[in-house]
Amino acid sequence: MLGESGLAGKAVIVTGGSRGIGRAIVDLFAAEGANVTFLFRTDRVSAQEAMEQARARGHSVSCEQADVRDPAACAAAVQRTIARTGRIDVLVNNSGVIRDNLLAWLEPGDVSEVLETNVTGVFNITRAAVSHMISQRSGKIINISSVAGEMAGRGQTNYAASKGAVNAFTRALAVELAPRKITVNAVAPGLIETGMSERIRTNAGDQALNRILLRRYGQPVEVANAVVFLASRFADYITGQIIYVDGGFKME
């Protein structure tokens, strides 16, 4: 797709980009020739490794440490990125956490951390970036949601609520920013083979696979493909949409 997607030279920010789906997104944008900056919260070792491996392949990748729950940290990370790249063309809100348990056993911290990271974090980094996109009168925002936002399972009240909020945020912001020529969409993965979903996949076993029409778990790059498509020129006429990458989850 290199040279056709329109992403070569674009400035991209990806939150939570050091591992799993986020890292696959970073790598795919970088392979398209984009200038990618990813944010990480605590795992400096993984972040450094991701950046160095990308640069060894000749890609333009940088990282910034920032907690998306902190609005000042988000604003500072965006300003440092703009100082380096001159603009922001694409924002991918990928940071997210899971703290699954039945509602009666959820601790207050299990609820607050999920909502603050998965919802407030999206508000914080998007608010910091969107003013620059508005001044450019161009930009693309892609939020990573989840099938849980529409089809949640037991023990997911906090996570499902957070991803349902991301879906609503996506649609509302698409309306708000369309006059500024900025598109806003979301990608909703199903069960993807990452460290974050390992416990769910292990506990569910064949029962989970039997609820997926394609009878397999997804790969991080398959989610990244959808994200890069939405950021490319091929998706210029798509906004306010939730794209499911779930292998046909819970359709039977």
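Student: How many disulfides does a search of the whole structure find?
Tutor: This is a predicted model, in which local features need pLDDT of at least 70 and side-chain atom pairs count only at pLDDT 80 or more, while totals for chains, interfaces and linings use all residues. Residues are numbered from 1 along each chain as its sequence is written, and side-chain values use heavy atoms, with hydrogens and water left out. A disulfide is a pair of cysteine sulfur atoms within 2.5 Å, and the number found in the whole structure is zero.

Student: Are Cys63 and Cys74 buried or exposed?
Tutor: Buried means under 20% relative accessible area, exposed over 50% and partly exposed in between, with a 1.4 Å probe and protein chains only. Cys63 has 19% relative accessibility and Cys74 has 0%, so Cys63 counts as buried and Cys74 likewise counts as buried.

Student: What does helix H5 reach from its first C-alpha to its last?
Tutor: Helices (H or I, at least four residues) and strands (E, at least two) are DSSP runs, numbered from the N terminus. Helix H5 covers residues 157-177, which makes 21 residues, and the expected span is 1.5 Å times one less than that number of residues. The reach is close to the expected 30 Å, being itself 30 Å.

Student: Which helix is included in what covers the buried residues of H5?
Tutor: The buried residues of H5 include Tyr159, Val166, Phe169 and Leu173. What covers the buried residues includes the strands E5 (139-144), E6 (182-189) and E7 (242-245), and the helix included is H4 (108-136).

Student: Which element gives the most to the lining of the largest cavity?
Tutor: On a 1 Å grid over the protein atoms alone, a cavity is a set of points where a 1.4 Å probe fits but cannot get out, and lining residues have an atom within 4 Å of a point. The largest cavity has a volume of about 30 Å³, the space filled by probe spheres set on points joined across faces, edges and corners. Among the lining residues are Thr15, Val68, Thr117 and Ile125, and the element that gives the most, with four residues, is H4.

Technical notes: Contact means heavy atoms within 4.5 Å. On a 1 Å grid over the protein atoms alone, a cavity is a set of points where a 1.4 Å probe fits but cannot get out, and a pocket is an open set with protein on both sides within 12 Å along at least five of seven lines; lining residues have an atom within 4 Å of a point.
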